[in-house]
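Take a look at the model below.

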Amino acid sequence: MSIAALTSAEPPKPPASGWSGKHLLGLEDLSREEIHFILDTAESFGEVSSRTRKKVPALQGRIVFNLFFENSTRTRTSFSLAAKRLSADVQDFSASVSSLSKGETFIDTAKNIEAMGADVLVVRHSSPGAPHLLARHVQCGIINAGDGAHEHPTQGLLDLLTIRKAKGRIEGLTVGLVGDISHSRVARSNIWGLTKLGAKVILCGPPTLVPRSLEGLGCEIAYSLDDILPRLDVVNVLRIQSERQQQGLFPSVAEYSRFYGMNQERVSKAPGDLLLLAPGPINRGVELTPEVADGPNSAILEQVKNGLAVRMAVLYLLGGKTDAKPAAD
């Protein structure tokens, strides 16, 4: 790569085809072609992070608000850094010290923030559908950064990008989603994205955490991780969402780890080129052991790196679209 490329202030050129969406609310709403377009754009933005000057003026003058009504470290930081690398102004919003505590509604809060000139609202909320509600009441772009147990589309996209870069394709692969499927928004975005791009998806975990109803989305259901491991090209280890469970849905953490934790013995049962993903935060010793998390099959830190590129791409693609009408009910 030339020195000029390493120090260029110009953003990379997006791929030739397009994505006309005003919001990113979920992967369920996107076509196969639109998903590939976003992934292609993200791959081009990945190059920006390798430059000496890791900043381009693509969103100069634009304002991005992070409206997080749930705690987050990875996603909030990734969106903030992505917006700053595009030269946007970034403002974080904390619900606990806002006028929400005085009785202001969720929609009025968003409208007031939009009135300050926001171009994009990045929204995380514990209620499924909260970003969809805002998209019907504001003019600016909405990015769903996780809504309850519904979807987490940028996590789904970064998982797809990580698989595509590592394997060279997604179509024809067999991907196992292992763990708390019932409460996982990552699982739902992965299911929509992977099946649309032609992968076979196997959902695996205790019967209390793997709803049979998801078979209707084209997935296979399995309760024994050891039985399916030899068939898997990729395994995505999902975190136990204890904060979303109203009751204990398995006997103990130790028993869960015994039957569903990824350890070195289980890695040895899988194909040698098994790709291991985990959306984080990871619980070492529960969903996976430290030697597996840090081992040669793990792409956990590559996921974090690709997450930055995906969020730069999504912000870039939505950042200039402020003149469209709100989504229809």
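Where is the place of Ser87? Ser87 lies in the loop between helix H3 (74-85) and strand E2 (89-94). Keep in mind that this is a predicted model.

**A serine with a positive phi**

Ser87 has a phi of about 70°. That value is positive, although Ser87 is not a glycine. Most residues other than glycine have a negative phi. Ser87 is also buried, because its relative accessible area is 16% and the cut-off for buried is under 20%.

**Cysteines and burial**

How many disulfides does the structure hold? The number is zero. Cys140 is buried, and Cys204 counts as buried too.

| Residue | Relative accessible area | Class |
|---|---|---|
| Ser87 | 16% | buried |
| Cys140 | 2% | buried |
| Cys204 | 0% | buried |

**Two packed helices**

At what angle do helix H2 and helix H6 pack? Helix H2 covers residues 32-46, and helix H6 covers residues 153-167. They pack at an angle of about 70°. Their axes are 10 Å apart. H2 is therefore roughly perpendicular to H6, because angles of 65 to 115 degrees fall in that class.

Which residues make the contact? H2 gives Ile35, His36, Ile38, Leu39, Asp40, Ala42 and Glu43. H6 gives Leu157, Leu160, Leu161, Arg164 and Lys165. By class, the contact of H2 with H6 has seven nonpolar residues, four charged and one polar.

Conventions
Residues numbered from 1 in each chain as written. Predicted model: local features only at pLDDT ≥ 70, side-chain atom pairs only at ≥ 80, totals over all residues. Heavy atoms only, no water. Helix = DSSP H or I, 4+ residues; strand = E, 2+ residues; numbered from the N terminus. Buried < 20%, exposed > 50% of the residue type's maximum accessible area, 1.4 Å probe, protein only. Disulfide = S-S within 2.5 Å. Axes fitted to C-alpha atoms, helices over the stretch in contact; angles between N-to-C directions. Parallel < 35°, antiparallel > 145°, perpendicular 65-115°, else oblique. Contact = heavy atoms within 4.5 Å. Nonpolar A, V, L, I, M, F, W, Y, C, P; charged D, E, K, R; others polar.
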